[in-house]
Amino acid sequence: MNNNTQSVYLESIKIFNNGSNFGIAKALNQGIEFALDNNSDQILLFDQDSFLTSDELIVLSNTASELFSSDNKIAAAGPMFFESNTNQFHGFAQYGVLKIKKEVSGNAPQPCLFLISSGTVLSPKCVRHVGLMDELLFIDYVDVEWCLRAASLGYKIYGMPNVIMSHEVGYFKKQFLWYKIPYHSQFRLYFQTRNSLIMYMRGYIPLRWKICDMIYCMKRTLFYICIDIESIKTIFRAVSDAITFKK
């Protein structure tokens, strides 16, 4: 996807020259629809700040293919990722005590709550049933919402510890009381806050996830208010827009 005003063309590669930023959900949907129209066996989602070698891509694709063949209820599978700008390995999302934790158990594929979009392989058959990414969300929680929606329809999400993807996140962490909180721009804070509330209002999102996220969201809100007074305006605008479902 090319969001710049200047178009790009490459032989044998389909490029969508959008000319503006319509959000990650819209961009993913353009690629997903193109893959579905061309009867692709798999759909790989990938960000510009992620990296896998060609050999790792082959392992990723083969493992996903084995999973999809073994269980037609597996909708998506994705790798572990190594956060290159903080030197941290991230496991797969599981429920903890009043929080979402990341963990890995062995080297075999394992079920999880959700995956980050980059590196995720989707089953086209399942996508046709679950539907596309929610463009209302624009950026934050797009991957989480899709995975939880798929789970509400009886599908499974799997993590693949045998593949580790290098991924550079667009934030840094600040110490706040006993926690290290990711620090984003006001732009991202708006969508994180607004989309959290939108998720809470949806019946198919599990109550346990809502409670875990609500606790984290309250910590995040307090953190931003304490370090940046401008955050108060951003949070109030996000709450107002969530209530009215304003884009």
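What follows is a short walk through the fold, cores, salt bridges and a few local contacts of a predicted model.

The coordinates come from a prediction, so local features are reported only at pLDDT of at least 70 and side-chain atom pairs only at pLDDT 80 or more, while totals for chains, interfaces and linings use all residues. Residues are numbered from 1 along each chain as its sequence is written, and side-chain values rest on heavy atoms, with hydrogens and water left out.

Starting with the overall picture, the protein chain holds 7 helices and 11 strands; these are DSSP runs numbered from the N terminus, with helices being H or I of at least four residues and strands E of at least two. The chain has 247 residues, and 46% of them count as buried. Here buried is under 20% relative accessible area, exposed is over 50%, and partly exposed is in between (1.4 Å probe, protein chains only). Of the contacts with a separation of 6 or more, 68% are between residues 24 or more positions apart, a contact being heavy atoms within 4.5 Å.

Next, the interior. In soluble globular proteins, nonpolar side chains tend to be buried together. In this model, the largest nonpolar core has 39 residues, where a core is a set of buried Ala, Val, Leu, Ile, Met, Phe, Trp, Tyr and Cys residues joined through side-chain atoms within 4.5 Å. The residues with the most contacts inside that core are I32, L122, M133, W146, I157 and W209. At least two core residues come from each of α1 (24-37), β3, β5 (92-95), α3, α4, α5 and α6, and α4 makes the largest contribution, with 6 residues.

On to the charged pairs. Side chains of opposite charge can pair when their charged atoms come close. The whole structure contains 6 salt bridges, each defined as a side-chain nitrogen of Lys or Arg within 4 Å of a carboxyl oxygen of Asp or Glu. One of them joins K156 and D71 at 2.6 Å, N to O. This pair links distant parts of the chain, 85 residues apart: K156 belongs to strand β9 (residues 156-167), whereas D71 is in the loop between α2 (54-70) and β3 (74-83). D71 counts as buried because its relative accessibility is 19%, while K156, at 35%, is partly exposed.

Another bridge, between D134 and R202, spans 2.7 Å, N to O. D134 is in the loop between α3 (124-130) and α4 (142-152) and R202 in the loop between α5 (186-200) and α6 (207-227), so this pair ties together parts 68 residues apart in sequence. Both ends are tucked in: D134 is buried at 15% relative accessibility, and R202 is buried at 14%. Shared partners join D134, E145, R149 and R202 into one salt-bridge network. A further bridge pairs E103 with K101 at 3.4 Å, N to O; E103 is partly exposed at 35%, as is K101 at 31%.

S50 sits in strand β2 (residues 50-51) and is buried, at 10% relative accessibility. The side chains of S50 and S118 make a polar contact of 2.6 Å. Such a contact is a pair of N or O atoms within 3.5 Å; within protein, one must be able to donate a hydrogen and the other to accept it, and residues adjacent in sequence count only if both atoms are side-chain atoms. Beyond its neighbours within four places in sequence, S50 is in contact with S118, M165, S166 and H167.

R128, in helix α3, has its side chain 3.1 Å from the backbone oxygen of L36. R128 and L36 are 92 residues apart in sequence, yet their C-alpha atoms are 8.3 Å apart.
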